[in-house]
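Subject: A structure for you to explore

Hi there,

Here is the structure I promised to hand over. Please open it next to this email and follow along as you read.

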Amino acid sequence: MRLFRNMFANSKLRKMAGVQSIAHSTPGGITPHLHKSRSLRSKIMAIPIPPHLLIPLQQQQGTASAACVKAGDRVLKYQKIADATDSTSLDIYAPSSGVVSMIQNHTTINPAEKEQLCIFIDTDGKDEELAEIDAIEWQTLTREELLPVIRNAGICGMGGAGFPLPKKMETSSNREIHTLIVNAAECEPFITADQALIRERSEAVIQGAEILQYAINAKHCVIAIERSKGDAIAALSKSISHSSVEIVILDDKYPAGGERQVIQAVSGKELQANKLPADAGIHLQNVGSVYAVYRAVAESKPCISRITTLTGEALQTPKNFEALIGTPVSFLFDLCGIDKKNHAKTVVGGSLMGIELMDTSAPVMQSSNCLIAGSLAEFPDTIPEQPCIRCGFCAEACPAGLLPQQLLSYSRSEDAQQLEDHGLFDCIECGACSYVCPSKIPLVQYYRNSKEQLALSQEVFDTSKGWQARFQDHQYRIKKLKDEAEPRTAIKPANIPSAEEKPQGTFSKDQAILDVAAAVSRVKARRKNVIASSESPAKPIQADGEAET
Amino acid sequence: MLPLVGTIYFQSLMALIAVLLIMRVIYLMRQFWLQSLSRQHSIVDQINALLPQTQCGRCGHLGCRPYAKAISLGERINKCPPGGDETITNLSLLLNEHRHSLDPAHGEVLQRAVVVIREDECIGCTKCIQACPVDAILGGPKLMHTVIESECTACDLCIEPCPVDCIDLIQLGEPELLWRAPEAGKTTLIGSNL
């Protein structure tokens with residue numbers, strides 16, 4: 001807290017002098033070639049409406065939403081087409097007017113090329129809106145009124161990871177938040193969506209930040225941005241003159257914009273791997289999401305589009321688009337004049353954390369911040385990995401302070417205990433280690449695989465615990481039933497004649513003789529049995545099991 | 001040095017050292033006792049934690065914990081088909097025993113599976129309900145039964161008692177992973193190779 005106080009102590013003075021706060025330094029990092037200038041030459045373009053939109057029902061981490069329209073329905077722009085099922089799923093709204101043609105599986109952007117349920121809309125080009133809702137004066141709303149507006153706008157984190165905003169707001173509103181950090185550090189090569197957004201719409205971004213600050217009741221609000229983005233900083237400085245928002249300047253390196261890196265740079269403290277930013281009293285939000293919040297609250301428009309960078313050597317006119325969610329990637333490529341001969345690889349996200357997309361008919365999602373149509377020169381074919389020479393470059397580059405080469409060997413030997421002890425779950429998968437590796441080992445992919453394997457084995461372990469508990473309950477129940485049943489049989493053994501056969505109080509001689517004869521024959525029979533069993537002893541019945549109660 | 005031996009200071013110092021030594025010895029003994037105590041109590045639990053908990057009884061015991069107890073009393077560790085080689089490896093590491101391959105008398109290595117009742121054919125005899133070791137089958141006399149999929153351990157104890165053979169064992173296959181380990185010369189992660 002003291003560090004915070006120092007930082008904000010004479011903020012007014014600093015602002016008057018036009019000097020922004022300088023952030024603390026963070027460990028590790030690399031400085032790759034950024035490839036950003038090409039897509040920043042032109043302004044953000046609004047795209048023409050594509051003939052078909054396919055909107056995935058799950059664009060974020062969490063659970064899929066449930067479609068509330070069916071094939072054949074006509075939908076209007078901003079009309080709700082899917083409902084959230086829990087706090088980690090989102091409401092989804094139609095990006096344009098048209099007819100729902102079908103709801104079926106289609107390839108979407110994810111590393112395993114998995115198919116996912118999408119709502120297909122054949123657009124009619126009229127872009128008819130739902131009856132206009134008047135923009136609300138958010139300053140007049142109470143916090144309790146404002147939160148549902150943000151929650152129902154269907155926004156997820158637009159930085160790339162796609163964490164659902166409603167869930168984040170829920171976590172933050174349950175804890176005491178002292179600082180809202182707007183993350184404008186876009187450190188990954190090729191991506192310029194946030195920079196372009198700030199450059200052109202800084203007023204809206206600042207207002208969005210103020211709305212969010214009010215909604216989560218944060219005392220301070222800072223915007224973290226790297227030093228190299230001069231135009232964006234200039235635009236921001238102009239817009240913050242009437243507000244309490246601060247600008248914090250980060251170092252130019254990769255990864256400066258990672259969640260934990262930004263928090264460390266701003267507060268000077270490292271966040272533990274198992275802690276959320278909210279535990280440290282910080283709410284971190286990407287600029288794109290903040291802008292979406294502004295649209296949702298100040299303009300009453302739910303999230304139906306995002307700013308996406310289209311770049312790469314195979315595109316003739318790289319630029320930033322305000323793309324509707326659900327626009328096929330190939331449609332955007334065609335708009336930028338794609339050179340099919342030069343096009344070797346399609347990458348979603350930056351060049352360091354991005355994934356390769358095989359099928360360009362996949363739709364743009366809320367988390368797709370950048371689409372690269374790369375040439376072979378930009379993304380050469382992978383060379384086979386060479387053995388680790390233990391140079392230690394990866395350990396120097398790691399922003400989380402881990403030992404990537406140790407992790408690699410444990411990942412290969414699938415040593416779960418050592419992986420956990422060496423902090424695999426502290427890894428933010430930034431790819432800095434793979435970038436510096438002279439042996440070209442795809443380290444991050446090993447870690448991602450290991451993380452998934454560990455999560456899976458944990459799941460198996462948890463289910464087996466459940467089975468064990470159920471088995472014990474079952475045993476307990478059976479034993480209890482048996483215990484309850486025993487006294488009844490003890491009262492009335494089967495071999496005692498019933499009262500009707502042998503009426504009490506009467507006695508006949510003939511009956512007595514018969515009874516004695518029967519008893520003698522019974523005893524004889526039993527003796528015979530005993531002799532027979534002593535000659536060939538029966539196998540004792542072994543009870544292996546035992547009731548665990 | 002010699003003239004100091006008789007003084008009160010020297011004597012009190014020696015007494016202090018003696019007291020400290022005794023305290024240390026008591027502390028160590030207590031630690032050892034606690035450790036052995038916890039070891040005694042938890043060896044069955046430790047073995048049990050490594051077993052797959054399907055409660056299938058293929059090992060010849062009533063469930064996983066009885067088998068764990070039997071192992072702690074000297075039984076072979078290679079009698080668990082659902083656990084397969086992984087369980088044998090883990091057990092051999094825990095108990096420092098030889099890593100025998102799976103005993104074929106108890107069946108082959110089993111994959112992830114689940115049991116499903118063909119509900120149209122079920123006559124409601126409740127025999128499968130009685131056979132289920134984890135109470136994962138729902139239903140009543142002369143009413144249709146069904147398996148709670150998330151609780152089913154695929155022990156297949158319910159299949160044999162069914163008089164109308166309406167229970168199927170369905171293999172689930174390997175779980176799908178988003179990220180595969182890199183194969184030689186083939187990666188899907190871009191950033192690594194720029």
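A salt bridge here is a side-chain nitrogen of Lys or Arg within 4 Å of a carboxyl oxygen of Asp or Glu. Before we use that term, some housekeeping: this is a predicted model, in which local features need pLDDT of at least 70 and side-chain atom pairs count only at pLDDT 80 or more, while totals for chains, interfaces and linings use all residues. Residues are numbered from 1 along each chain as its sequence is written, chains are lettered from A and ligands numbered from 1 in the order in which they are written, and side-chain values use heavy atoms, with hydrogens and water left out.

Let's begin with the charged pairs. Side chains of opposite charge can pair when their charged atoms come close. Over all chains, a search of the whole structure turns up 25 salt bridges.

Which residue forms a salt bridge with A:Lys451? The partner is A:Glu429, and the closest N and O atoms are 3.0 Å apart. This pair links distant parts of the chain, 22 residues apart: A:Lys451 sits in helix α14 (residues 443–491) of chain A, and A:Glu429 in the loop between α12 (416–421) and α13 (432–436) of chain A. Helices (H or I, at least four residues) and strands (E, at least two) are DSSP runs, numbered from the N terminus.

Are these two residues buried or exposed? Buried means under 20% relative accessible area, exposed over 50%, and partly exposed in between (1.4 Å probe, protein chains only). A:Lys451 counts as buried because its relative accessibility is 14%, and A:Glu429 counts as buried because its value is 18%.

Another salt bridge joins B:Glu151 and A:Arg470, at 3.8 Å from N to O. This pair crosses between chains, from B:Glu151 in the loop between β3 (146–147) and β4 (167–171) of chain B to A:Arg470 in helix α14 of chain A. B:Glu151 has 22% relative accessibility, so it counts as partly exposed; A:Arg470, at 24%, is therefore partly exposed as well.

Within chain B, B:Lys79 forms a salt bridge with B:Glu75, with 3.0 Å between the closest N and O atoms, and both residues are buried. In chain A, look for a network of salt bridges that links A:Arg201, A:Arg295, A:Glu299 and A:Glu322.

Next, the strands of chain A. Two strands pair if DSSP finds at least two bridges between them. Strand β9 (residues 115–123) runs antiparallel to strand β3 (residues 52–56), joined by five bridges, and A:Pro56 stands opposite A:Cys118 in β9(A). Strand β8 (residues 98–107) also pairs with β9(A) in the antiparallel sense, over nine bridges; here A:Gly98 stands opposite A:Thr123.

Finally, chain B as a whole. Its secondary structure comes to four helices and four strands, in the order α-α-α-β-α-β-β-β from the N terminus on. Of its 194 residues, 35% count as buried. Helix α2 (residues 64–72) of chain B is mostly covered, with seven of its nine residues buried, among them B:Cys64, B:Tyr67 and B:Ile71. After α2(B) comes B:Gly74, whose phi is positive, near 110 degrees.

Happy exploring, and do write back with your questions!

Best wishes
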